[in-house]
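The following exercises are to be worked through with the sequence and the structure side by side. Each task is followed by a solution that goes step by step.

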Amino acid sequence: MTGFWLIVHRDVVMAWRQGGDGLMAIMFFLITVTLFPLGVGPESGILARIGAAVVWVAALLATLLSLERMFQTDFEDGSFDLIAIAPLPLEAVVLAKCMANWLLTGAPLLLTAPILAMMLHMDREGLAIFVVAMALGTPSLVFIGAIGAALTVGARRGGVLLTLLVLPLYIPVLIFGVGAVEAAVTGQSAQPHLLVLGGLLLGTLPLGLWASTTALKQALE
Amino acid sequence: MDDTHPPSDTSQEVGVAIGAKKPQKKVGVLFAGRGLVCVRGGRTVFVGLDFALEPGDALVLMGPNGSGKSSLLRIMAGLLKPAEGDLLWHGYAVEDDARSHYARQHYVGHLDGLKVAMTVSENLSFWTGLRMGEVPSASSVRNALSAFGLDCLADFPARILSAGQKRRLSLARVLASPADLWLLDEPTVALDRDSVAALKQAIAHHQQHGGMVVIATHSEMALDRARPLHLDRFVPASELAELQEDAATVLRKNGHKAGKKGRRL
């Protein structure tokens with residue numbers, strides 16, 4: 001278990017010292033969402049209608065930004081050879097990497113998203129559900145993204161390929177994430193949507209770990 | 001480390017000649033490879049390679065560029081699967097229990113696995129901690145660093161290290177935790193004379209305590225109980241011709257010399 005926390009700690013400390021990666025995704029998120037009121041106009045009706053979708057789409061894209069370097073740097077500098085022959089199972093390594101990635105991008109997204117949603121005139125009932133939906137949805141985004149990151153490790157121009165691979169897989173999270181907020185705003189129960197998001201998380205966790213591990217083993221050969 | 005030493009009946013054992021098709025069951029041979037074949041990207045790098053190591057032995061891999069020294073080390077580390085053949089530890093196939101094989105070796109490859117944003121001691125204690133499953137004590141990290149003269153740089157970021165210092169930090173990793181088998185890929189590249197001496201001393205100490213070392217090198221390193229293994233002897237004839245054609249004149253000469261030495265063995 002120590003090895004697991006060592007990897008989480010190392011990734012977080014490194015990102016903190018280098019400053020770039022985690023911060024970049026959040027800045028991207030803030031700017032993208034801010035562009036919409038500027039483009040659409042300050043009419044509160046329209047913004048409230050599209051608000052949840054805009055923030056969710058921006059969150060998907062911001063998560064994508066941080067994925068490319070998830071395994072790439074470790075492969076380039078030879079770290080992965082040493083990680084592969086460490087006693088920690090590769091699945092645990094991937095889980096540690098996903099956790100560090102979520103702490104660096106998912107958690108800040110979760111903190112800033114309500115503020116942005118308020119800026120887009122999302123009402124109070126929607127806001128609470130929106131935060132719960134984000135909390136359930138963002139880890140799924142990381143686990144799905146890890147598969148893409150592991151598959152494109154070592155590929156040239158992996159970032160573009162990664163986007164093409166991963167974005168279609170994000171569609172269910174987007175649909176139910178937005179659906180939960182819409183339901184809450186229109187006075188219906190958001191529970192079914194949230195349950196599906198929870199189910200997606202439970203599904204993507206083992207699937208993401210297994211698929212990423214298999215892809216990484218392939219890449220090591 | 002000591003509990004993995006073979007029983008005391010090693011004295012009866014005569015070293016198994018490298019390349020000879022002997023059964024691995026002989027007492028004393030701890031780590032052996034049998035009929036190893038390596039194929040990389042469709043090219044056959046070597047075929048029918050055998051080796052055998054007893055505790056305290058050093059295997060020196062020699063051969064021209066592309067003859068498969070690094071590939072063989074990666075196979076020995078378990079990072080690469082041989083196309084054919086077996087690796088044996090105490091006569092048992094390594095792949096049956098890959099995890100324990102990982103635990104008894106140190107692998108130092110071409111790439112150093114260092115993170116430039118972390119300090120020198122953080123890098124070392126991360127790798128040692130990951131391998132041992134517990135955070136190493138500050139003193140053991142210091143000791144390993146000072147063996148390669150890096151203790152004065154412990155709290156500086158790895159970014160400022162020169163190529164040789166990075167190499168020394170990779171080698172310090174080997175000293176920071178015990179292992180029976182050291183796999184070193186060109187460890188002397190970029191090292192100054194003092195560091196080469198320190199490395200030689202570390203290897204000698206490791207061997208005296210029953211450790212084994214496999215080292216790929218171009219430079220002559222006088223090691224005790226060293227067994228040379230010329231990889232170009234295992235290169236398929238057609239591939240060897242190609243290899244030598246590709247290489248520059250100097251390289252071709254080296255390959256030829258190594259070949260001669262190999263036959264003399």
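**Exercise 1.** Within what distance do the axes of helix H6 (residues 90–119) of chain A and H10(A) come, and at roughly what angle do they cross?

*Solution.* The model is a predicted one, in which local features need pLDDT of at least 70 and side-chain atom pairs count only at pLDDT 80 or more, while totals for chains, interfaces and linings use all residues. Residues are numbered from 1 along each chain as its sequence is written, and chains are lettered from A and ligands numbered from 1 in the order in which they are written.

Step 1: the two axes come within 9 Å and cross at roughly 110°, where axes are lines fitted to C-alpha atoms, for helices over the stretch in contact, and angles run from 0 to 180 degrees between N-to-C directions. Helices (H or I, at least four residues) and strands (E, at least two) are DSSP runs, numbered from the N terminus.

Step 2: H6(A) and H10(A) are therefore roughly perpendicular, a term that covers angles of 65 to 115 degrees.

Step 3: on the H6(A) side, A:Leu90, A:Glu91, A:Val94 and A:Leu95 meet A:Leu209, A:Ser212, A:Thr213, A:Leu216 and A:Lys217 of H10(A), contact requiring C-beta atoms, placed from the backbone, to lie within 7 Å.

**Exercise 2.** Decide whether A:Ala215 is buried or exposed.

*Solution.* Step 1: locate A:Ala215 in helix H10 (residues 191–220) of chain A.

Step 2: A:Ala215 counts as buried because it has 20 C-beta neighbours inside 10 Å; the term asks for 20 or more other C-beta atoms within 10 Å, whereas exposed means 12 or fewer and partly exposed lies in between.

Step 3: leaving aside neighbours within four places in sequence, A:Ala215 is in contact with A:Ile147, A:Ala150 and A:Leu151. A:Ala149 is 66 residues away from A:Ala215 in sequence, yet their C-alpha atoms are 9.2 Å apart.

**Exercise 3.** What is the strand order of the open sheet of five strands in chain B?

*Solution.* Step 1: the order is S6-S7-S8-S3-S9, with parallel pairing, two strands being paired if DSSP finds at least two bridges between them.

Step 2: strand S6 (105–108) and strand S9 (226–230) of chain B are the edge strands, each pairing on one side only.

Step 3: strand S7 (residues 181–185) and strand S8 (residues 212–216) of chain B pair over five bridges, and B:Leu183 has B:Val214 in S8(B) as its bridge partner.

Step 4: helix H6 (residues 193–208) of chain B lies across strand S3 (58–62), S7 and S8 of chain B, running at about 145° to S8(B).

Notes. Contact = placed C-beta atoms within 7 Å. Parallel < 35°, antiparallel > 145°, perpendicular 65-115°, else oblique.
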